[in-house]
Structure formats: C-alpha cells, structure tokens
Amino acid sequence: MKHCPSCSRTYTDEALNFCLEDGTPLVTDSSMSQGNPTLHYPPPRDTSPSAPQTPPQSYPSNPTPPSYNPYQPSQATPNQAVPFQPQPQWSPMPAAPPRRSGAIWWVLGILAVLLILGVGIIVVIIAVASMNSQPNRNSLANSNRNSNRTTNTNTDSNSTPKLPASFTDDFTKQTWTTGSGEYGQMWYADDQYHIKAKEKVYIDVYGPTPDYNTENATVKVTARNVDGVSPTTGYGLVVHGEKKNDKLEDYSFLIYSGAKPQYKIVLHKEGNESTLVPWTETSTIRSGTSPNQLEVRIKGTVMTFYVNSQLVKSIIDTEGYKRGRAGFYSSDAHEVAFDDLEINR
C-alpha cells in the first residue's frame, strides 16, 4: 500500500510511484504492507417486531463529488507514472480599444473659426490702410434743387493748423480733383483748373490740403467763362468750405457774366443751398470770356466781397465756418477756368 504525502491519497498498485492527482512521489505505508487486517463486522440486526429500531442514518443529499482527474490513466503505459501537468492559467480577455473621443472635432472646429476670424481682421486692416492712403481730395456735386451728392471727401482739424502767411497756387502742379462723373468733369489745361458741370447741376470743389484754409485770410482767384456763355446759376469762389457727414458747408461768391452781369452770395449748410444775397447787378463784372478777379476778405466773422478790387458786399459769418478751405463753384454745362489762387493771412 502506498499513499501520497501531499494529498493523502492511497494507492494499492505497487508499481505506481507517483500520485495521479498531483504527481508527488508516493510513500510506502509499512503498516498496511503487512497484509490485510482482520475486518470486524457488527452483530446481526434484530429484525423482530419487539426489537428496538435503530433510527435511520441520514446522508447528505449532495455528496462530495470525486476529485477531478484531468488525465486519462488508460492512455498511460501500464506500470508507468503519468507526470502532473498544471492546468493552463486563466488570462483576461484583451481590453477593448479605447473609443475615439469626439473632442478632436471641437478642437478642429475652434481652430477653423479662429482662422476665419484672423483672415477677416487682416482684410479689414488692409482696407483701412488703403483708404487712409488715398489723397485728401474734395469734390461735391449738387443739383440746383439742393439735392447733394458727394464725389470726394474733405476733413479739417478742429484746431487751426500752423499755416504759412502767404500761399499761392498757379495750377502748374496737379493736386486738385480731376476726372469725369455723373455731375460733370474737372481737369487741368494750360496751367489752369477747368470745371464743366452738366445741365441743371453745379459742382463745388474744395482745396486738397489744409494750406487752403481761409480763417482770417484774404482769398483771391481769377475766373473766366471759356465758351463765352455764362452759366445761368453762376460760377465763382468758395470760402470756409468743409464737408460734414457727407454734406456741403461753405459760403459761395458767384457771378453771372452774361449781358447783364450780376453777383450772388449763397450758403451751403447740411447739403442745402440757401440765398444770403440774391442776384444783384453790378458794372464791376466783365462779361463774355474776359477774366474777373473774385476776392473775399475775412476777419473774424466779417466777410467782405470784391470783384476786380471793387467792394460789392459785406456779411457776417453766422454759421462759424471759419476753419474751412477755399474752393470753386461752377454750373449749367458751361466751361469755366480758374487761375492764380492766392491766400494771404
């Protein structure tokens, strides 16, 4: 008789040397190798009715199952021990690959929005820089029914810039607005500045730089009707000209050099034209194509108007347009040329 010192399993096969359960070498049991011991049986049970009954013994309903032997002894060679082989170890199922987070789409979306905003900002900066690089030119076109149209801009500082005591423009250098438009055209020719408005329309043009400021200044210019037919609504010299909110603001000293020469003084305010001095006949104006020198002397709010050095009228600047610029006015599809502009302060 042999037994396993590890699991205490006994074996009667003397040729078996290893435990079939766990492979441990078997140990010979000397006490059991000396023959089989005498078995003692209990006395026979009395089955007579008067005999006392032995209470039945109870057994577990679920007896312990026999030990599982994963090996087939029949497959082993007789009298050859089958070595113990451990059961394969349990390994968990491979983890599922992590789900791709949707946050990457949010990041890409935010980057796209930032890129679009950046491009928009760059476009705005380029547009503003381009606008600021345009020359400071000024031309305003209006119909005789006081409807205003702006063709150029004019801006003046709220404070009077430092200006030279004397300034002249003989129109040999082209700095004023030129070109054709809906209300007429402006151009340089023979060192003069020409304006030709369309029918029933007048054009009002301001000087291109602050040097043309008329505050406390004497302003003179020579004007002539080129085709010999004077515009019926006049042509002449503008002072204190400024555009505010795309609307004309100035005083205009106009002449008519037809058969009965006359002068007129008008006010442009918020784009509307109003008459301060109506058409007034005077012999100081030369008719036809002869040039006439127009002059406005400004001191504070007092403005005095001259034609060919002859006084014709004085008025008060009630609108406070003292920081505007000199300019020119022409109308009614007849060409007028301006020359020798002088500003003395």
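Two strands are taken as paired if DSSP finds at least two bridges between them. Strands (E, at least two residues) and helices (H or I, at least four) are DSSP runs numbered from the N terminus. The model is predicted: local features need pLDDT of at least 70, side-chain atom pairs count only at pLDDT 80 or more, and totals for chains, interfaces and linings use all residues. Residues are numbered from 1 along each chain as its sequence is written, and side-chain values use heavy atoms, with hydrogens and water left out.

Strand 1 (residues 2–3) pairs with strand 3 in the antiparallel sense over two bridges. Here, His3 stands opposite Val27 of strand 3. Three strands make up this open antiparallel sheet, in the order 2-1-3. Strand 2 (10–11) and strand 3 (27–28) each have a single partner strand, so one side of each lacks a neighbour in the sheet.

Four salt bridges were counted, each defined as a side-chain nitrogen of Lys or Arg within 4 Å of a carboxyl oxygen of Asp or Glu. Burial was classed by relative accessible area: buried under 20%, exposed over 50%, partly exposed in between (1.4 Å probe, protein chains only). Arg297 and Glu295 form a salt bridge, their closest N and O atoms 2.6 Å apart. Glu295 is buried at 2%; Arg297 is partly exposed at 36%. Asp246 and Lys243 form another, at 3.1 Å from N to O. Lys243 is buried at 9%, whereas Asp246 is partly exposed at 45%. In a further salt bridge, Glu249 meets Lys244 with the closest N and O atoms 3.7 Å apart. Glu249 is buried at 10%; Lys244 is partly exposed at 41%.
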